Each structure stands twice: as C-alpha cells, then as structure tokens.
Amino acid sequence: MTKRVSERFSDGKLSQRIASAVASTPIRDIHTHLYDPAFGKLVLWGIDDLLVYHYLVAESFRHFELSYENFWALTKPQQAELIWRALFLEHAPISEAARGVITTLNRLGLDVRKNDLPKIRKWFNAWHPKDFVDHCLDLANVSTVCMTNSPFDVDEQGVWANSFKRHPRFESGLRLDPLILNYKSTMRQIRSMGYEVNPTLTRKTVSELRRFLRDWTTRIDPRYAMVSLPPTFKYPSDSMTQRILDSVVLPHCVEADLPFAMMLGVRRQVNSELGMAGDGLGVSNLRSLENMCLQYPQQKFLATVLSRENQHELCVLARKFRNLHVFGCWWFTNIPSIIEEMTSMRLELLGFSFTAQHSDARVVDQLIYKWDHTREVVTKVLQKAYGSLSSVGWEPTNAELQRDVQALLGGSFEEFCRHGSNLSPSKTMSQ
Ligand code: RAT
Ligand code: ZN
C-alpha cells in the first residue's frame, strides 16, 4: 500500500496541487521596511532603489576598486550604474539579491537582457508611486505588509504628526531599538518630544517612558513592538537594557496586548565604511530568550534569529513555550539553500505553528522577487514533506492544503496574536 500511495504522489498530482496552493495563497508579510504611500519620499521603488539595495552594495564592493568615500559621494543613479556594471554586466547576477532584481524586472515585463538602464528608468518614471505600490502588492499576491515604524526617526515623526488616510494594506510595527539599546542618547530625544525623563529610571521617568509608548501605540496602532539585538544580549543581566525591558517595554506590551518581536544575532557596523551594508551576525545565547519566555508567561514573543547555528535551538525552544512564535528567514538566512533547510526543520519540529517567511523588503518592487523565490522553496519543501506523509497513507485534500499553506504564510501569526492571555509553558508538547 505504501508503494501505491507514493506512486500516486510521483504522478505529479499532489505536487501540482501543492504548487497551486502556495501560488494562490495571499501573503501577510509580517516584517518589512516598506512605507505606506502616504510617507511620500520615504517610499523606495524603481530601478535605482533596487540596485542600491544594501545587500547589493556589500556584494559590489567585492569587485569595486574605488574607495568607500568616493562611492558614497556619488549620486544614487551613479551608484546604481556601478553596481549594475559590477554585478549584472561583468558577472552573471547569480547571488540571491542580484537574481532578485532579474526576477523583479522580468515579472514587471521588462526586457532585462537589453541592458538598457535609461530605458528601464523611463519605464518606472511613467508610474504614479501609489499605483505602483498596488501593482507590486498584486503581482506578489501579498495582502498586507507590516512596516517598521520608529518613533525616533525624524522623517517618520513628521508624517505621523499630521493625520493621513492609511493605506488598507499597510500595517505598522513599533520599532524600539534606540530606546532598548541606547537609552542614554535616546533619552535626550524623548525629552525633546515633551516627556520628563532622566538618565536614571526613577518612578517619574518610568511613568513618562510608559506614557511615551502609550502615545506612540495610540498614534500608529502597531501589530507588535520590536527590537533587534546583538549576539551579546543577555537576560537577565545587570544592564540598562534589562531595566528598560522590565520596567518599561514589557509592562507596556502586556498592558497594550502587543506581542514583542525579538530579532536576535545582529552585529551592527562590523565595517562601518559600508554604511547600512556593514552589519554582520553572531551566534546568540538563546537561554536569554528562554528566560524571558519563562519570566513573562502572559507575554507573546515573536522571534527570528540571524545565525544558522541558532535555528535548531530556536525550534526546540518554541516547542517548550507556546508564548513564543518563530518567524521568517531573516536577512542572511533569506537565501534559497537556507530557507529550504530552515523551513524543513521547522515543519518537522513545529508542524504548521510558525511563520515561514517575512520579506524584509525595503524597496516596493522587491516584494515580487522575495515572495516568488520564497514560494518556490516553500513549494519544494512542502512537496517533499507531504510526499513523505502521503507515502505512509495520508494524502491531504485541497482544503487541507490551503489551510496549512495559509498558516505558514501569515495565518499562524494571526492565530498566535489572537490567542487569549492564558499562555504558559506548554506541558503537553514537552519532550
Ligand atoms: O534586512 C535588512 O534590510 C537589515 O538591514 C535590517 O533592517 C534588519 O532586517 C532589521 O530589521 O534590523
Ligand atoms: Zn528588517
């Protein structure tokens, strides 16, 4: 019988059904750096923004001979031309980020092989940004994207200060890195915004910081609060970071029923000459995440880790804590070989109770390639996983496939956020 079922799988029917379920499921993209069109010049799109993406800047410098300084002195189109030459004309655009530009341009209907940047620019210039945003969301089959919104970003502050009509497909995320990681200098900025805060966390300061967070939560209506953390992050520890987390951020999250997203393992500015492209990674100590899940059983944590070495441990941790939701293949792990490995492992350890991916897109057009490429890998992984299941006698119906794929592409995140507050360490799943 086992043989007959696996033959049925190999005739391609199940694999086709999986492919079409993955292709047709709209995605909730839970972490991006995109902006609602109302943010005007903060919205990045078009060929030059695609080419000067910091992932490509890092790769181009491996070929450039010019100095960092001379590169940064160039205009955006000039930088784009150098990157185009180094990564697309002098070599095949084989890396994930470079191939992504090709996927994107092709799906937008542009003939990439003509190598005609001025013509491509002209094509983009004919679009109205708002229409282009909707076009990309539709092409990528993305229903909603979550922005990264920083109360400490002066450009953003200006937009939030005036009321505007929000795009229905853009949600917000409250990004708190400066407050959590660098309170000393952030304090001055918060004070200049009208809050009576001091360098030490007195009662008054704590209550003002809580007021600050409440105000921003009301203003932007975020889906979650969020921080990225270095590999050295330790909890508990005798640090300002822990004091801010314990007395300000987590009490606020509990009060406002906001999940707290932690992105662990980034080493900022390993090479500061590269600007935004200069960040690296390191292995995190996930015991800290474990301690936080234990310390705050009522708080929902979302987590993604940058180092490949941490991925297995993170899955095991999520089996122990149902207040922990694993999401995405972050940044340097957002490459097909690692997405495949991570998604297979997560399915094997967590079933469908995680979010397979977030795009981290900074340029609107990138939604197309980031999701096309992810869908390709997720399809492959699911074909293998359901193939194994089918060979032992369980073939999913189309409705079941749709339900499961939806869970991976945003549904499981929604369910996690909806969960009641009765979260405590899982007993039944412990192993
Ligand atoms: O992936 C990226 O674009 C990085 O530069 C980071 O922004 C990272 O995703 C983050 O959110 O810190
Ligand atoms: Zn990001």
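Q: Where is Asn141?
A: In this predicted model, Asn141 belongs to the loop between helix 9 (129-140) and strand 2.

Q: What is its phi?
A: Phi of Asn141 is near 55°, a positive value in a residue that is not glycine. Most residues other than glycine have a negative phi.

Q: OK, peptide bonds then. Which one is cis?
A: The bond from Tyr235 to Pro236 is cis, and its omega is near 0°. Most peptide bonds are trans.

Q: And where does Pro236 sit?
A: Pro236 is in the loop between strand 4 and helix 14 (240-256).

Q: New topic, empty space. How do you find any?
A: A probe the size of a water molecule is rolled over the atoms, and that shows where space is left empty.

Q: How many cavities of 30 Å³ or more are there?
A: The structure has one. The largest cavity has a volume of about 30 Å³.

Q: What lines the largest cavity?
A: Its lining is Arg28, Asp29, Ile30, Thr144, Cys146, Glu171, Arg223, Tyr224 and Phe413. Strand 1 (27-29), strand 2 (142-146) and strand 4 each give two or more residues to that lining.

Q: What's the split by class?
A: The largest cavity is lined by four nonpolar, one polar and four charged residues.

Q: Now pockets. What volume does the largest one have?
A: The largest pocket has a volume of about 1,000 Å³.

Q: How many residues line it, and which lie nearest its centre?
A: The lining of the largest pocket has 38 residues, and His33, Tyr35, His54, Met276 and Arg362 lie nearest the centre. The elements that contribute two or more residues are helix 4 (54-60), helix 6 (76-89), helix 11 (177-181) and strand 4 (222-229).

Q: Which classes are they?
A: The largest pocket's lining has 19 nonpolar, eight polar and 11 charged residues.

Q: What about ligand 1? Which space does it take?
A: Ligand 1 takes the space of the largest pocket.

Q: Which residues are around ligand 1?
A: They are His31, His33, His54, Tyr55, Arg175, Met263, Arg268, Trp330, Trp331, Asp360 and Arg362. By class, this shell has four nonpolar, three polar and four charged residues.

Q: Where are there polar atoms facing oxygen atoms of ligand 1?
A: A polar side-chain atom of Tyr55 is 2.8 Å from an oxygen atom of ligand 1. For Arg175, a polar side-chain atom also lies 2.8 Å from an oxygen atom of the ligand. Asp360 has a polar side-chain atom 2.8 Å from an oxygen atom of ligand 1.

Q: Last one: how much of ligand 1 does the protein cover?
A: The ligand has 300 Å² of accessible area on its own, and the protein covers 97% of that.

Definitions and conventions
Residues numbered from 1 in each chain as written. Chains lettered and ligands numbered in written order. Predicted model: local features only at pLDDT ≥ 70, side-chain atom pairs only at ≥ 80, totals over all residues. Heavy atoms only, no water. 1 Å grid on protein atoms, 1.4 Å probe; cavity = no way out; pocket = protein on both sides within 12 Å on 5 of 7 lines; lining within 4 Å. Points joined across faces, edges and corners; volume = space filled by probe spheres on them. Helix = DSSP H or I, 4+ residues; strand = E, 2+ residues; numbered from the N terminus. Nonpolar A, V, L, I, M, F, W, Y, C, P; charged D, E, K, R; others polar. Near = heavy atom within 4 Å. Polar contact = N/O pair within 3.5 Å; in protein donor to acceptor, adjacent residues only side chain to side chain. Areas by Shrake-Rupley, 256 points an atom, 1.4 Å probe, with all protein chains shown as cover. Sits in = over half its atoms within 2 Å of the grid points.
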